[in-house]
Structures are given as C-alpha cells and as structure tokens.
Amino acid sequence: MPIITSYSFGKMKIGNTVFSSDLIIFPDHRVKDNWHRKSGHLVDISDLESLLLQRPDLIIAGTGAHGKMRLAPKLVFQLERLGITIKALDTPRAVSLYNQMIKQPKAQEISACFHLTC
C-alpha cells in the first residue's frame with residue numbers, strides 16, 4: 001500500500017522513493033511518474049487514460065501546492081458517467097485525504113494524480 005510519507009513543493013516521497021515530477025498512483029499501487037497533461041495545468045479525460053483502464057471508484061487529484069492545476073469543465077461529468085468520483089484539492093490536502101482513504105477497509109478502488117509544484 002503506497003503511503004505518501006512526505007510532500008513539499010516539487011517533491012513527494014512514497015514509501016522510501018522520492019519523486020520530483022507529477023505522478024499517478026494506480027488502484028493496484030503502481031506509481032507512474034513524469035505524468036504530463038496535454039494542456040499543462042488543465043486535466044482532461046485523455047490525460048487519465050492509463051488510470052481509467054484500472055476502473056477506480058475514486059480519483060483524488062492534487063492540484064498543486066497553490067491549486068493552480070484545474071479540471072476540464074466536462075471532466076467531472078465524464079467520470080461520473082463511468083461511475084468514477086473525482087475529488088480535487090490542493091496537493092497538501094489531497095495527500096492527507098489519500099493517506100486517510102487508503103487506510104480504510106477496502107470499500108473502493110482508490111487512485112490519485114498529483115501536480116507537485118504550483
């Protein structure tokens with residue numbers, strides 16, 4: 001289970017591994033770093049394709065230290081149609097929520113995507 005052990009601007013530590021690029025945590029606990037979006041600070045459904053193949057119930061989106069990353073206007077609706085909930089919070093709060101949610105009894109498949117800087 002990938003517990004996020006620390007986060008600071010531009011760096012996230014998961015277990016004993018430090019990441020310095022945006023990343024995705026899949027429901028099966030794999031971590032993909034160097035996550036890039038087509039439109040930089042905008043998350044569109046196509047930016048989550050590899051994650052959606054795992055069919056998570058919940059995606060926690062860390063929108064950056066200052067919340068600069070945004071969800072595309074139609075993204076919430078598109079994900080809801082697939083039965084997926086997305087919760088977007090600034091990255092410090094998203095880290096806290098993610099760690100809290102994965103410690104609960106496995107009621108749902110949880111995943112996350114994190115913007116580590118602004």
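**Close-up views of a predicted model**

Ser-111 is buried, at a relative accessible area of 0%; buried means under 20% relative accessible area, exposed over 50%, and partly exposed in between (1.4 Å probe, protein chains only). This is a predicted model, in which local features need pLDDT of at least 70 and side-chain atom pairs count only at pLDDT 80 or more, while totals for chains, interfaces and linings use all residues. Residues are numbered from 1 along each chain as its sequence is written, and side-chain values use heavy atoms, with hydrogens and water left out.

View A. Helices (H or I, at least four residues) and strands (E, at least two) are DSSP runs, numbered from the N terminus. Contact means heavy atoms within 4.5 Å. Leaving aside neighbours within four places in sequence, Ser-111 is in contact with Ile-25, Phe-26, Pro-27, Leu-51, Pro-56, Leu-58, Ile-59, Ile-60 and Tyr-98.

**View B. The largest nonpolar core, with 20 residues.** A nonpolar core is a set of buried Ala, Val, Leu, Ile, Met, Phe, Trp, Tyr and Cys residues joined through side-chain atoms within 4.5 Å. Ile-4, Met-12, Leu-23, Ile-25, Ile-60, Tyr-98 and Phe-114 touch the most other members. Two or more residues each come from strand 1 (4–8), strand 2 (11–14), strand 4 (23–25), strand 7 (58–62), helix 3 (91–102) and strand 10 (110–114). Helix 3 gives the largest share, 6 residues. A second, separate core has 16 residues, among them Leu-48, Leu-51, Met-69 and Ile-86.

**View C. Strand 2 and its two hairpins.** Two strands pair if DSSP finds at least two bridges between them. Strand 1 pairs with strand 2 in the antiparallel sense over 4 bridges, and Ser-6 stands opposite Lys-13. Their hairpin has 2 residues between the strands, and Gly-10 takes a positive phi near 85°. Strand 2 is also joined to strand 3 (residues 17–19), running antiparallel, by 3 bridges; here Ile-14 has Thr-17 as its bridge partner. This hairpin too has 2 residues between its strands, with Gly-15 in the turn at a positive phi of about 65°. In a regular strand the side chains alternate between the two faces of the sheet. In strand 2, Met-12 and Ile-14 make up the covered face, and Lys-11 and Lys-13 the uncovered one.

**View D. His-115, in the segment after strand 10.** His-115 counts as buried because its relative accessibility is 4%. Not counting residues up to four places away in sequence, His-115 touches Tyr-7, Asp-22, Arg-37, His-41, Gly-62, Thr-63, Gly-64, Met-69 and Thr-91.
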